[in-house]
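Thanks for making the time this morning. I would like to walk you through a few local features of this model, so please keep the sequence and the structure in view while I talk.

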Amino acid sequence: MALPELISVEDFFNPPTRAAATICPDGTKIAFLAPWKDRLNVWVQSLEDSDEPRCVTADDNRSVLHFEWTDDPRWLIYLQDTQGDENWHIHRVDLDDPDAAAVNLTPFPGAMAAPLREVRNGTTTVMLNNRDATQFDVHELDIVTGELTLIAENPGRVYTWMSSDKGDLFATSLTPGGDLELSRWDGAALHPITRFDGTDYPMGIHPMVVTPEGTGLWMGSYRGSDHTRLVRVDLTTGEETEVDSHPEFDLDPRAIVSPAIPAPLIQDRRTSELLGVRYFGERQVIRALDPQFRDILANLEKLSDGDIGRLSSDRTGRRWVVGFNHDRDPGATYLYDHGTGESRLLFRPLPHLDPAQLAAMQPVTITARDGWPLHSYLTPPVGVEPQGLPLVLVVHGGPWYRDSWGFDAGVQMLANRGYAVLQVNFRGSMGFGKAFLSAAKGEFAGKMHNDLIDGVTWAVEQGYADRDRVGILGGSYGGYAALVGVTFTPDVFAAAVDYVGISDLANFMRTLPAIARPHLANNWHAYVGDPDDPEQLADMLARSPITKVDQIRTPLLVIQGANDVRVVQAESDDLVNALRDRGVEVDYLIQTDEGHGAVNPENVIEMWEAISRFLAEQLGGRG
């Protein structure tokens, strides 16, 4: 037995040939992402004939990642920031005029815009913080003329806004005690409807969708359950009524992190009525709530043994475009016609990758030292016995996120180079119930880290891993975990990679973007502490790797985006300088045109080539 042929970093991380396809409202065209001048841009192609696809955006600086159709097939909108600063602007594309340049509809330097609903009749509702960087106001945006009309000025405590299709506004606000208050906006003031315990929702309540008739709100609720149930909140009385639930799983929480991840609610394209709900355990489960959609779902699920990812239909619900999440065949995308029952493969995003040469992601459950089940994933390399291998512990960010089954280019690259890869959903990860989430409070560099160490111990005891060749790799919170690994438990790891990781918890909170700082009460303050409280500050510093750099003797690679607004470059600079002042060698890669996560292909490839070389030198895998 032998490892398969070495697959280049470029083959894993070059832009996909096509990705993220959605069908237009009249069902005649699809839009998708594909490279133009080595950047992902939006392309449109007819489904009715053999016309060549047409590139309709022209960003040669930074890849476009988020776009959507409007209800008029002439117009398409997309989001773009500047060099990773996360100040998203809304751009409009005129598909009837191939020569027209995209128009920036929210051209406010340093401000962030976010649509609140789909574009209908040429308008949408957007949140915008151009008046005050710490507060989102609400405007109506006419995408044809570009006119912005202020319809709600933030009274100062709104957490997020919601809009019905008719334009009625609702908001969640933070109370002085940290609860989340749901209110109705009457055009001049907020009127409270009901409250929720804010500490149950460290990333806010998700999903929150106004029902089509505008009298209710679909949302995930922990009331009366350890798992999030889908409930309908009456927007007059505040009364909750259960719509759907799963006996073991939470509503899929992953979309809270990125608009690229499908939302847990599947809605009718024309009426916005609820068709189905996504839950996630080891794998995704979709529960159909509409009889016709139940038949459609059954046929879609026959197209692949992966999990249904991006899903869109025309207004009639007849033609569907579906992409699948799969650990070894990522993003295979199909067109399905429910009228004829016919389907065809539209594209595979990475056709040069042979699924047979890629590694299977195996769900495993590890028991933590205090009894908590840790739902995890092990990806051993193909072609060799999974015994005594070098192991890379890959730690997810957040920490209010989760690892899940599906294609991960970094994991596959590591497995191809001979490493076993372990991903542990440590306490505080989302999707495993309220008690598991809350068990992380006060446990940064404590039991959260113990869970990771218990995962390593399990892999060694099962015989998968060589204890002397264990590395740790992570980004954001995962980078913090890597630094905790080499400061609090320096004997466990033979190598560590910190990518945009937190080294100083207090500095991290103080340097977060202005728009984020008012909302720290229910996440970082509740779980870690408030740096303005001297006693809590002392505890936070004791849990910060920057105060324990003298413990670092593990080879370390640090990677940082210069434009990162979440974990600023000073976090990494301070760490690296402290090590170098001690005469400790540390590899440091700064990417000058990236933020909190590399987007442009050359930077992604540079990063993973550095990781591949570093781990090969330290753990003995293939370089």
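Predicted model: local features only at pLDDT ≥ 70, side-chain atom pairs only at ≥ 80, totals over all residues.

The second largest pocket has a volume of about 200 Å³, where a pocket is, on a 1 Å grid over the protein atoms alone, an open set of points where a 1.4 Å probe fits, with protein on both sides within 12 Å along at least five of seven lines, and lining residues have an atom within 4 Å of a point. The volume is the space filled by probe spheres set on the points, which are joined across faces, edges and corners. Of its 14 lining residues, the closest to the centre are Glu248, Pro373, His375, Gly431 and Phe432, and the elements giving two or more residues to this lining are β30 (373-379) and α4 (434-438); helices (H or I, at least four residues) and strands (E, at least two) are DSSP runs, numbered from the N terminus.

Residues are numbered from 1 along each chain as its sequence is written, and side-chain values use heavy atoms, with hydrogens and water left out.

Turning to the strands, β13 (residues 158-163) has five of its six residues buried, meaning under 20% relative accessible area with a 1.4 Å probe, protein chains only. β13 pairs with β14 (residues 169-174) in the antiparallel sense over five bridges, pairing requiring at least two DSSP bridges between two strands. Thr160 has Thr172 in β14 as its bridge partner, and in the hairpin, with five residues between the strands, Gly167 takes a positive phi near 95°.

Note on methods:
Buried < 20%, exposed > 50% of the residue type's maximum accessible area, 1.4 Å probe, protein only.
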